[in-house]
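Let's take a friendly look around a metal site and the ligand beside it. Have the sequence and the 3D view open as you read.

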Amino acid sequence: MDLRAIVGQIDAQSTQALGLGLFEDEEMPLSGVAANLDQNLRGAISELFIQGDFRAKKNETLALYTYGLIPAKRIVLVGLGKREAFSADTLRQAAASLAKKARELGVSELHVSIPEGKVVMSPATAAEAIAEGASLGLYRFTEFKTELNDQKPDPDRLVLVTPESDEFSEIEAGLRTGQIIAQSTALARTLVNGPSNVVTPSHMAQAAQEMAAASGLHCRILDKTTMEALGMRLLLSVNRGGDEPAQMVILEHNPGDPKLPTVVLVGKGITFDTGGISLKPSQNLEKMKGDMGGAAAVFGALRAAALLDVPLHVVGLTPLTENMPDARATKPGDVIRSLKGLTVEIINTDAEGRLILADTLTYAEEFIPDAILDVATLTGGRVIALGDHAAAVMGDDDLIEALRRAGERTGERVWPLPLFEAYGEQLKSEVADLMNVGGRAASTITAGFFLSKFVPDDIPWAHIDIAGLGLTDKAEAYTPKGGTGFGVRLFIELLRNWRA
Ligand code: BES
Ligand code: MN
Ligand code: ZN
């Protein structure tokens with residue numbers, strides 16, 4: 001969908017549809033743009049309110065026809081919910097609802113105005129939210145659908161109309177930013193939606209290379225031989241059971257500029273998690289194609305960082321492998337020496353994410369980072385603790401605080417869990433330095449605690465557990481069922497607001 005800005009009056013636009021957002025507690029008589037349109041339509045909009053046919057509940061939509069009273073063919077109303085709850089997320093959701101309604105109606109071009117007055121948001125922020133919401137809302141994964149007959153085409157164009165010519169370039173920039181972020185999120189969604197027989201570690205590596213070439217990122221891939229030479233034995237221990245060779249993707253934005261702070265993003269890339277020899281039950285096992293959601297989020301974040309040219313040296317590290325059972329697979333009780341030198345007793349081969357992340361966190365030291373963040377579909381305990389509405393975060397207080405702010409702004413919210421030293425007791429091994437699991441109690445925390453042992457000394461680090469959030473079966477306004485791209489928008493918001 002093409003997104004553009006124009007200077008003009010919304011009610012003068014000759015178009016297939018005008019989008020109009022209204023609040024649930026809208027006062028009568030209407031004011032501003034809504035009042036103008038209502039007058040032109042001889043009170044048709046206020047009548048809908050008075051009769052209670054349209055209440056402007058969040059994401060409620062209704063199309064009305066203009067019979068030549070204004071140049072636009074129809075007005076599509078969208079509910080914004082309560083005025084006092086209005087935020088950028090309201091706008092993202094409303095834009096998504098409008099875009100989907102336009103698609104359903106077969107409308108190819110939709111004009112909307114930037115929210116007026118009384119709204120606590122710059123025109124650029126509003127434009128960004130509208131672009132992001134509309135584009136994310138229209139996302140569909142159709143790669144494996146042979147019959148597309150019943151699928152309506154997306155609208156060709158969304159036009160943001162402002163009467164203020166001095167706001168034009170700000171709005172245009174906001175639209176571009178929103179679109180870059182949405183497309184980067186879509187990249188992550190598509191990788192998560194892709195089945196594991198297609199989205200293998202090598203497929204991920206190739207996708208990263210193509211994306212890097214198109215967005216101006218540096219990209220290198222470490223192959224198995226290199227990993228062996230480096231001593232990434234924990235990562236390789238997870239790879240043993242599968243036929244697909246492990247891959248480590250290294251993406252860099254602004255490499256070799258020593259003046260810039262370096263932020264390393266690490267993403268778990270298990271392209272399918274069977275559990276290994278500690279085999280998972282088959283119920284919902286298909287969801288484990290999404291166990292590379294962390295890696296996908298890192299790809300998306302790096303893409304956006306490059307295209308938005310954030311003034312940081314950003315590094316993306318994604319260890320990629322399947323976790324399969326096999327005669328050669330790692331077995332419970334096996335002891336592996338990590339890249340860091342610590343030995344790990346593998347009690348449960350299904351606790352594989354922390355193993356591939358541990359060596360990668362250690363390897364991150366190569367980049368002399370100012371901060372390291374990792375994102376991973378790591379524990380079922382995350383789902384039990386926080387459900388659908390927040391990822392779990394652990395680690396450095398300042399990073400957690402920055403992530404919380406970024407989460408509030410993007411709607412990809414995070415909530416902290418403690419890493420008290422006492423949790424370390426649960427990971428003590430009889431035969432090695434650590435066990436890879438700490439029992440059922442506080443499993444999200446003990447997983448985070450395990451990771452903390454492999455983070456290079458004195459480097460601020462935060463761990464984000466997104467288990468269950470990368471792949472959803474509940475559609476939301478701008479998040480259809482399937483891959484969500486969770487983490488892309490959180491990370492890019494964090495990077496854009498980085499304090500040196
Ligand atoms: N990939 C899973 C975690 C997961 C669970 C992701 C549900 C998405 C939805 C992870 O590798 C795993 O198996 N974790 C185990 C660890 C346990 C064996 C200590 C878990 O949390 O049950
Ligand atoms: Mn597992
Ligand atoms: Zn896993």
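First, a word we'll need: a donor is an N, O or S atom within 2.8 Å of the metal, and water is not among the atoms, so sites may look incomplete. Keep in mind, too, that this is a predicted model.

With that in hand, look at the manganese ion (ligand 2) and the zinc ion (ligand 3): they sit 3.2 Å apart, and Asp273 coordinates both. In other words, Asp273 bridges the two ions.

## Around the zinc ion

Which residues hold the zinc ion (ligand 3)? They are Lys268 (NZ), Asp273 (OD), Asp291 (OD) and Glu352 (OE), at 2.0 to 2.4 Å. Along the chain, these donors are spaced as K-x4-D-x17-D-x60-E.

Asp273 and Glu352 come from distant parts of the chain, 79 residues apart. Asp273 belongs to strand β10 (residues 269–273), while Glu352 is in the loop between β13 (343–345) and α10 (353–363).

Now for the geometry. For six octahedral donors, the ideal angles at a metal are 90 or 180 degrees. Six donor atoms surround the zinc ion (ligand 3) with angles of 78 to 174 degrees, so the arrangement is octahedral.

## Around the manganese ion

The manganese ion (ligand 2) is coordinated by Asp273 (OD), Glu352 (OE) and Asp350, which gives both an O and an OD atom, at 2.0 to 2.2 Å. The spacing of its donors along the chain reads D-x76-D-x1-E.

Octahedral or irregular: which is the arrangement here? The six donor atoms around the manganese ion (ligand 2) subtend angles of 68 to 165 degrees, and the arrangement is irregular.

## Buried or exposed?

Buried means under 20% relative accessible area. Asp273 has a relative accessible area of 3%, so Asp273 is buried. Glu352 has a value of 0%, so Glu352 is buried as well.

## The neighbouring ligand

Ligand 1 has 16 residues around it, and Lys280, Asp291, Asp350, Glu352 and Gly380 come nearest. By class, that shell has seven charged, five polar and four nonpolar residues.

Gly380 uses a backbone N or O atom instead, 2.7 Å from an oxygen atom of the ligand. Taken alone, ligand 1 exposes 520 Å², and the protein buries 78% of that.

Key:
Residues numbered from 1 in each chain as written. Chains lettered and ligands numbered in written order. Predicted model: local features only at pLDDT ≥ 70, side-chain atom pairs only at ≥ 80, totals over all residues. Heavy atoms only, no water. Near = heavy atom within 4 Å. Polar contact = N/O pair within 3.5 Å; in protein donor to acceptor, adjacent residues only side chain to side chain. Areas by Shrake-Rupley, 256 points an atom, 1.4 Å probe, with all protein chains shown as cover. Nonpolar A, V, L, I, M, F, W, Y, C, P; charged D, E, K, R; others polar. Tetrahedral: all angles 85-135°; square planar, octahedral: opposite > 155°, others 65-115°. Helix = DSSP H or I, 4+ residues; strand = E, 2+ residues; numbered from the N terminus. Buried < 20%, exposed > 50% of the residue type's maximum accessible area, 1.4 Å probe, protein only.
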